[in-house]
Amino acid sequence: MAEKLRDLSQPIDVPLLDATVAAFYGTGSKEERAAADQILRELQNNPDTWLQVVHILQNSQSLNTKFFALQVLESVIKYRWNALPVDQRDGIKNYISDLIVQLSSNEASFRRERLYVNKLNIILVQVLKHEWPARWKTFIPDLVSAAKSSETICENCMAILKLLSEEVFDFSRGEMTQLKIKELKQSLNSEFQLIHELCLYVLSASQRSELIRATLATLHAFLSWIPLGYIFESPLLETLLKFFPVASYRNLTLQCLTEVAALQFGDFYDVQYVKMYNYFMTQLQNILPPGTNIPDAYANGSSEEQAFINNLALFFTSFFKVHIRVLETAPENRTALLMGLEYLIGISYVDDTEVFKVCLDYWNLFVLELFEAHHHQMDPVAAVSMMGLQPTAIPGMVDGIGSAISQRRQLYAVPLSKLRMLMICRMAKPEEVLIVEDENGNIVRETMKDLDILVQYKIMRETLIYLAHLDHEDTEQQMLKKLTKQLNGEDWSWNNLNTLCWAIGSISGSMMEEQENRFLVMVIRDLLNLCEITKGKDNKAVIASNIMYVVGQYPRFLRAHWKFLKTVVNKLFEFMHETHPGVQDMACDTFLKIVQKCKRKFVTTQVGENEPFVSELLTCLPTTIADLEPHQIHTFYESVGHMIHAEPDAAKRDEYLRRLMDLPNQKWAEIIGQASHSIDVLKNQDVIRTVLNILQTNTSVASSLGPYFFPQISLIFLDMLTVYRMYSELVSSTIAEGGPYASKTSFVKLLRSVKRETLKLIETFLDKAEDQPHVGKQFVPPMMDPVLADYARNVPDARESEVLSLYATIINKYKGAMMEDVARIFEAVFQCTLEMITKNFEDYPEHRLKFFSLLRAIGTHCFQALIQLSSQQLKLVMDSINWAFRHTERNIAETGLSLLLELLKNFQMSEFCNQFYRTYFLNIEQEIFAVLTDTFHKPGFKLHVLVLQHLFCLVDSGQLTEPLWDASAVPLPYPNNTMYVRDCTIKLLGSSFPNMTPAEVTHFVDKLLESKTDLSTFKNHIRDFLVQSKEFSAQDNKDLYAEEAAAQRERERQRMLSIPGLIAPSELQDEMVDS
């Protein structure tokens, strides 16, 4: 059966093909489906199958088979069209056009075959992208005249035009070359007259609602780019506004009006816009009377009505973004303008994320613009340009810019006040809050971060800060009033208290200090009272989480008020005994956050105290942490480490550290003591868990104490290595005896956790021990055997990837001082790790990334050691780098590419330059082109380009003094290396992309060599080549533009730093001046 289908020398057996497709989609056995899948794949990949498409379409009874045939045809059109003979191209073109006309000419077949016709339309547009305008000049006139012959054909023509517009204007980036897009846009623009007349004719003459809806949908696709005269100097706008009140066309018309509202082109048509807006508002008041409760209407509305409210939000936001200035200049339009804002505020309360996002994005822009004018008021020149107007542009506001700005603020005072209320009532949850209400109405610990909510919080926070800057009094009054209602119970609910406290926390840093102090004293006092008077565990948990969030946001206030700081910290200690899920976690996190910002306050003796707070805390430490889980205790210890770090006196510091580590050290000494009598103690699972916990506590303190952790690590270091070695041997013997499954047992996992934690502790300490070579000399040699040699001795499943990252840290820290140890490191880890990771791309993912990071550290700091490797070893290194950047795992590929770039630059400067590049130049170029042109490695685009640029610049730089080619193998010598590389590159790309002509390939290579010193041109040539080579098709190409996006982000950060409060005080990386 399969053989019969595979033989394409005669017409394909269509009933048999139908049966095969049916088997693939059918409910038969797994084997039948697999066999059908195999046959269909083979047909799809056979270059001659497409010749049977017409035969299949004419004879098949199954829609799925027709779709299969069209899929085959589509890929030929996309990738092989220009290689087909002219008569075959014309044949396809005419057949598809005729088929579409035939199916859409009568109502019954058009409705019945709708899906099929839609697919044929898509195929036709794919043909158009190649043929029109050059080889099919009459397409638009043909289409328009066909449309006039019947209403159903007309409806389908509208669908084709809509698809064409979307292909050219919306989806073209990365799909077609820049030149082709430009050509198609010009053709559409120049032929639009005919389409415009057709649309107007349909809207004025037709009675068929399907046709009118199709026409409105097509207009919606066209309105964003057509020449403006077609909109404003023809009856189009009036026609649209006439359709707006009709319920069945309301949503489509509103979408069209939104497109018109969003157009931006100076003030030429302002009068028409004002007319359109006023007429629209009159109509709207009949459809949705002012004062309607929009959130309720939305909640109870049909899906059409909900879509209407969503579209309404889009219309208002689009209109105001571009034309709000025009409306506010003339007094007679201001009432309608304020009414529009009122509608939009109403819509902003709708309980739907998408609707709220639309509104929020606009409010953010609206408030930002008012704020910037207010912010620049000190600088009139900036203010004028900000507002885009001359000082005399607004009648009645002639007396200078200052009054123009304040008059705008007065005009919008009421909406702005309502907006503050909106932000306070709907504030999103910040990241620090871990306590949430689940769907059953219980208060629980959050299990997963919701990224959408975090993004929303960021925008709302920013908007509220601008609103606060515009009127601090109103912001403060609204917040305090709402808080009072929480206290007296008239407005009390979890959600109301949450959003209010999140809003209070979010404006931290935006007020002047004395105002902030006054405000916070009231807020914190009220919240503490609320905590006292409210009963019920869940209620208390919610209030606790809010107190913790608010105090964590205001470090400046806490630093200035020791009494408050002490009360707050003691309150946190109280919450550490509260077993409600999430409360203890949040208490420990908030404690850490406050200590990082106020650490000096805790090590100085404050007025009215007998000793520094840290000493008092260390005395009561055992009771404070009695109810905490191990991971919470670690956070607590890290926090105290920060306090001790702030103590300038070394003797006191060591004393505090000794007291802090007292509990874990006693336990450690006890275990080591027992082990010296009987080693078997260490095999007890509870003991192993305790050892792990002690090490984790040490790591937490090391991470915050840095170099001052030295006395503590010296105390346990050698014992720790002994335990490490013993556990390592235990792991190896268990795996050797128990086979591969032994590595999965809980016993082995526990032992390995101890080994990992040991390595992590050493790595954390060495990483923080600022450039102290004596530390390196003291700690690195004793580890050679227990850690490095042990890694090599172990079976692969027992090797800890942390060994690799520890040595990467050591080399990054001590740089050239490690030169003589590189050979031993190389010997111990290189060969055995490569064997683990080069079998495939999946096993040992941790080892992969850390191995390449170690290699990168050696390449960067100990390059000399690499030069001393034998040529076999260097080949291993180069192969492993190729292996790295072939990974689809982004981090590994990027590490590999960065390492490659560093090595290339280092070899270029060394005496082995000629030798190295002769061996590796072409190989590297070929490998980079391979990952550059497949579709799995797009995120590496920036680095791929830099490697190619380096290679092409090097050839011309004169640093290569010998030929790159092997004289014995190349009969005719090249005049220079550049010509040789040009020739090889053309051959390489020509054989890899047979669908490109030799002329295209040569042109591309020449352009690369020409533009090699100008990175952005060089990069654009490569982007165009990727589109031409047809390797990157309809996928997401944004990674090719990632670098440009990063520069934009940095500019935004600088802007935020200039506005008080936009970057929260708790996030600023400042060394707090807490005297």
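**Ser104.** I looked up Ser104 and found that its relative accessibility is 1%, so Ser104 counts as buried; buried means under 20% relative accessible area, exposed over 50%, and partly exposed in between, with a 1.4 Å probe and protein chains only. Ser104 is part of helix H6, residues 86-104. Helices here are DSSP runs of H or I with at least four residues, strands are E runs of at least two, and both are numbered from the N terminus. I then listed the contacts of Ser104, contact meaning heavy atoms within 4.5 Å. Not counting residues up to four places away in sequence, Ser104 touches Phe110, Ser150, Thr152, Ile153 and Asn156.

**Note on the model.** This is a predicted model, in which local features need pLDDT of at least 70 and side-chain atom pairs count only at pLDDT 80 or more, while totals for chains, interfaces and linings use all residues. Residues are numbered from 1 along each chain as its sequence is written, and side-chain values use heavy atoms, with hydrogens and water left out.

**Ser508.** I went on to Ser508, which sits in the loop between helix H27 (494-506) and helix H28 (513-533). Ser508 is buried, and its relative accessible area is 1%. With neighbours within four places in sequence left aside, I found Ser508 in contact with Gln553, Tyr554, Gly1061 and Pro1065.

**Helix H51.** I checked the length of H51, residues 998-1010. The expected span is 1.5 Å times one less than the number of residues. For the 13 residues of H51 that gives 18 Å, and the end C-alpha atoms are 18 Å apart, which agrees. Which residues of H51 are buried? I noted Val1001, Phe1004, Val1005, Leu1008 and Leu1009. They lie on the same side of H51, because they cover an arc of only 135° around the axis; the arc is that of the directions from the helix axis to the C-beta atoms. Ala999 and Glu1010, on the other side of H51, are exposed. The buried residues of H51 pack against helices H48 (913-933), H49 (941-957), H50 (977-992) and H52 (1015-1028).

**Cysteines.** I searched for disulfides, taken as pairs of cysteine sulfur atoms within 2.5 Å. The count by this rule is 0. Cys862 is in no disulfide, and the nearest cysteine sulfur, that of Cys832, is 19 Å away. Cys862 is buried at 0% relative accessible area. For Cys953, the closest cysteine sulfur is in Cys913, at 14 Å, which is too far for a bond.
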